[in-house]
Amino acid sequence: MKGTSRRAMLICCTVSAMLGSPAWSGAPGGTPDATEISVLAAAKSGKSPAPALKLAPFAGLFAKPPMTARPRIRFWTPQAAVSEEAVRQEIDGLYRQGFGGVELVAMKIDRFDPSLRWGTPRWDALVAAVQSQAGRHGMAVSLTNGPAWPIAMPSVASADDPASLFELTYGAATIAPGQSFDGPVPERRVRHKEGTTQLLAVLAYRTDDRNQLDPASCIDLTPRVAQGTGSQSLSFQPPPGSGRWTLLSFWEQPAVQKVGQFYVIDHLSAQGAAASTAYWDKALKKDEAPLADIFNDSLEYDVALDWTRGMRDIFRKQHAYDLVPYLPFIGGTPTYPKGDQPAFASTDPQLAERVRRDYRDTLTALYIANHLTPLQRMAERHGTTIRYQAAYNKPLSIESAAAAVGVPETEALGRNAIDGMRQMAAAVHLLGKPRLSIESAAEFMNTYGQTLRDILWWTKRAWAAGVNIQTLHGASYSGRFDGPGSVDGAVAETRWPGFEGFRGPVSANWNRMVDPATLRPVTDYMARMNLILQKTAKVDLAIYRDEPDIFVDPSKSHGDGNALYADGGLLNALGYSYDLLSSALLAVPQAVVAGKRLAPAGPAYRALIVPPRRTMGLRTLGRITALAKAGLPVILVGDMPSGSASQAAVLRGEREEDIRRAVSDLLRLPTAAHVPSYGDVPAALRHLGVRPDAQAANQADILVQHRSDRDGEFYYLYNYNKVSNSDATITVPSRTEGTAYPKLNPDVQKARIATFSLVGTGRPYRLNGWSGRVTPLDYRRTRDGRAEVTLAFAADEAVMLAMLDDRQAARAGAKSDRFPPLNPAEAKQSVINDWSLTVEAVSPPLSGPPLLERARHEKLGPYKIGSQIAPWPQADPALAKVSGMGTYEGSFTLGPREFAVIDLGRVENGISLSVNGRAVEGIDQLGGRVDLTDYARSGDNMVTIRVASTLETTAQGLPNRIVPFGTDGRVIVLKTERKR
C-alpha cells in the first residue's frame, strides 16, 4: 500500500504543477478538468513524422502516388510458425498488389510450440525478414504493441504485478424494512482464481420503492467490518422506520486477463505503460530502420469496472471529494467487453450524472497522461510513432484521447455511421497530424465473400469522415511450414485455401484472391485519393461533443444522421462538413480565432455548434464565449445548459444561476444564436453568414471534404447511402435492413444530379482517381466569385474536384478530353449479343498442403451465352461450385464515321477490358461508361472482358450468385458520329 500511495501522490503533484503553470494565465474562468490538463501536456508530443515527399510536380505524384499514400494491410501469421522464404514471397505479393506497408500480427498464440511464439528468437527472425523484404520495396512496417490485443507484456510477472490490469467489483444485499444485517460482507460478483483482492468499502443506502438509492443516506460501514479467518463479517441495524436498505461492498482486485501466457497491462497506470515502453526500448535496435509505427488495437481489455491502483486517492486529489460514497452510481455506460458495473439509480439523478462525469474525466486523464503520452514519447525516441484505436469501447473521451497519439485510428466494424468515423478527425486537423487512419473493410460472417465494390464502399465512407490512410483487414500467411507441429508441410489445422488469421467470423484475406492482380487498380485508386486527402483539411463546422462512446450502447441510435449529431443528415445534405470537438480540444493553443475562423491555419472552422445539452462547466462556457467575442459564430441548439456538468465544480461553488447567466451573456453577442431544433440550424448559419465551402444548391445528400495547399483547392464529393440504426449496430450474426455490407441492397444506392458552388481561384477540374488524369469541367462563375458545377453521380460514386489557376493546372498536368462527352440521347445503342464465356476454375489440390499457391486450374467452356450476363450457374449448373476467372468475348460493329462508348454497367469484383487485343487502361473498377475512341475501329471489333469470382464458393461452399457486370444483365455500346 505504501508504494501505491507514493504513486498516487506523484500523479497528484504532477497535476498540481500543471495547474499552477503559466499556461493557464489568461484562460477563461473556472478550474480546468483533468482531461484538459492531460490533453495539453500530451499535445506537446503526440506527433507523427510527416511523410517526406519530394517537391515533385503534382501531376507526377497523382499519376504515381508515393508509398506514404498507399493503403497498408494487416498481415496475420501463425506466430513464428512460418517459412522465411514464403514470408518474403508474401511481402513481394503484397507489394505487387499495391500496398504501401504491412502491419505484422501474431495470431493463435496458444496453438504453437513455445519456441515459435511472439517474443522468441524465432519471432524476432520473422520480424527481421519482414522488415528486410519490405525495405527492398520501400514498404512501411508496423508491429503490434504486444503479441496481439489488448496490450500484454512479458515483464508483467503475476496478477499482483503493479503493471497488471486492475478493476473494481462489488457485492450487494437487501435489508428488508424492519430487519437487520448480520453476516459475511456481501460476496463480490466477479471472482478470479489468482490475484489479491482488497475490500475498499462497505456502504449502506436507504432504497425507495423504485429501487433508487438515496446518496444523502449513505452510511460508511467499513470501520465496522470484522476480520475473520478467511472471511469478513458485519452487523448493521438500519435506523428505525427508515424502510428498505441496500448494503454494498466494493472490492479492488487484479482483472487477471491474459493474451496467451502474458498478463494484460493496466491501461490507466504509469506502471502499465512502463512495462510496454521497457519492452520496446530493448526490442528496437538503433541500427535498424525505424518502424512506421507501433500499432495498438481497440480497447478490449476485460474489467468489471474501470479502475486502477490508488484510484480513490487520485480522484480525491483531482476533484477534491471522495468518490467512494458515490460508487453505486458509477457505470451505466456500456463497454466492450461487457463489464459488471454497479450503475444503481439515484434519488438525485443530476448529482449522480455529475459524479459519473468526474469519474470519466479521471479515467480519460489517466489514460492520456499515464498510458498514451508515455507510449508516444517512447516511440518518438525511436524515430517512430504510435498508431492507436484510442479510447473507444470504454467510458473515455475519444475526441480528447486522439490528441495524444501520432496516428489516431478508427475502424468501421460496429461504427460504420459516418459520425462514428469522425470522432478523431478534429484532433488530427487541429493539431496538424498528417494522418487519420482506419482499420478498413472488416465484416462479420463474410470470409472470402467480399468483393472489390465492398472494399470501396467502406473506403469511400471513411474518406467522407476525414480518413486519409487505410489498414485493410487483412491478409493471412499462406500456412507453409515444416517445423514443430506441422502437418504435411503446413501449419496444423490449415484448411483450403490456407492458414486463417480469422476463419468465418471476421473477413477477409485480400492476398488470397483468384487473381491477386485484380486488386492493384483499386489500391492505385485509393492511393490517389489518399494523396489528396492528406493535404490540409478545411472544415466548415465544429460540433461540440463531450460524451462517452455510444457505439457499444444498443439503446442509442447509431445510424447516419441519428448518431452523434442527430439532425437526420441535414447539414451534410447542404454541403457542410464538420468535426466533433471536446472541451479539452477547445483549450489547445491552436484553437484561436482570426478572421472569424477557428484555427485559421488548420481546419479554419467557420462556426461552432453546441447540440442540446442541459449541463456544461463555466470554464467551457467561458471559452466558447471568448471564441464568440473573437468573431466565431456560435449556435446553441435546443436545450441549453442550465447546470454544472461536474460535482467537483458544484462543490467549488459553481451554481445553476452562474451557468444560466453565462449562457445569457453568450447569447447577447451578435455572433451567437439559439435555435429550438436541429432543423433550424441551417437558417441560423445563413443568418450569421456561414456558408459551406462546397455549397449544394439543394439538399443533395452528397458528403463533402475540402483540402487545400499550394497545389489548389480540392473537394471530395461522395454520393453515399445512409446506414440505418440497425445496420450500424454490431450483432452476430448481423441483422440487416440492406443499408450496409455484407448484405447491402443495391437499391438503396441512388444516382443523383447535384449542383455545387465551390470556393477557390481559377476553374474547376475533375481528378480521375482510376486513370490519374486531370480534366477541366464546364462551370458557371457566380456573382460572389465561386465556381458552380453540376455533376451527375452514379450510385455510390465518389468524385474528386479541384479549383486550379493556370499555374496549378499546368503543375497538375491538366488536359482537355480530345472529344466532348458523349450525349446518350443522341447516340445509337446496340447490345452485345454474341458473348461466349470461358472459366478458369480454381480448386483445392488433390493431395498435400491445402494452400492456394498449390491450387489446381482447369479450363471450363466456352459457353455460348448470347446477350445475357448472369451468374455463372446459368451458363452451366456445374459452375455453381466453381471459383475462378471468367473470360467473356463478344463483338460489335462500327460504321465508317462512328465512335463508341461501352457501358459496363455495375461491376462487382473488378474488371479488365481489351478491345481488339489492346488493354484499356485506367477504367473504373466499379463499372460505368468507357470511351473506346482510341481502341475501336470501323467494322468489327472484338471485346474481351475478364472478371474474377471470389473464393467464397470453394472456401465456404456457397453457390456463385454474383452478376459480375452489366446493366440488367446486358452490355450496351453507344455509338455516335464525331469528326476525326
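**View 1. Helices H4 and H5 cross in a right-handed sense.** The crossing is called right-handed when the near helix is turned clockwise from the far one by less than a right angle, and left-handed when anticlockwise. This is a predicted model, in which local features need pLDDT of at least 70 and side-chain atom pairs count only at pLDDT 80 or more, while totals for chains, interfaces and linings use all residues. Residues are numbered from 1 along each chain as its sequence is written, and side-chain values use heavy atoms, with hydrogens and water left out. The axes of H4 (residues 84-96) and H5 (residues 121-137) come within 9 Å and cross at roughly 35°; axes are lines fitted to C-alpha atoms, for helices over the stretch in contact, with angles from 0 to 180 degrees between N-to-C directions. Helices (H or I, at least four residues) and strands (E, at least two) are DSSP runs numbered from the N terminus. Contact (heavy atoms within 4.5 Å) involves residues including Val87, Ile91 and Tyr95 of H4 and Leu126, Ala129 and Val130 of H5.

**View 2. Pro254 lies in strand E11 (residues 245-254).** Pro254 has a relative accessible area of 1% and is therefore buried (buried is under 20% relative accessible area, exposed over 50%, partly exposed in between; 1.4 Å probe, protein chains only). Leaving aside residues up to four places away in sequence, Pro254 touches Ala159, Phe166, His192 and Arg309, among others. Glu194 is 60 residues from Pro254 in sequence, with 8.3 Å between their C-alpha atoms.

**View 3. Tyr367 and Tyr388 form an edge-to-face pair.** Rings of Phe, Tyr and Trp (its six-membered ring) pair if their centres lie within 6.5 Å; planes under 30 degrees apart count as stacked, over 60 as edge-to-face and the rest as tilted. Here the centres are 6.1 Å apart and the planes stand at 90°. Tyr367 belongs to helix H8 (residues 349-381) and Tyr388 to strand E15 (residues 386-388), 21 residues apart. Both tyrosines are buried.

**View 4. Trp457 and Tyr741 form an edge-to-face aromatic pair.** The distance is 5.5 Å centre to centre, with 70° between the planes. Trp457 is in helix H12 (residues 452-464) and Tyr741 in the loop between strands E29 (712-719) and E30 (752-758), so the pair ties together parts 284 residues apart in sequence. Trp457 is buried at 0% relative accessibility, and Tyr741 is buried at 11%.

**View 5. The charged end of Lys394 sits over the ring of Tyr301.** The distance to the ring centre is 4.2 Å (the criterion is NZ of Lys or CZ of Arg within 6 Å of the ring centre and within 35 degrees of the ring normal).
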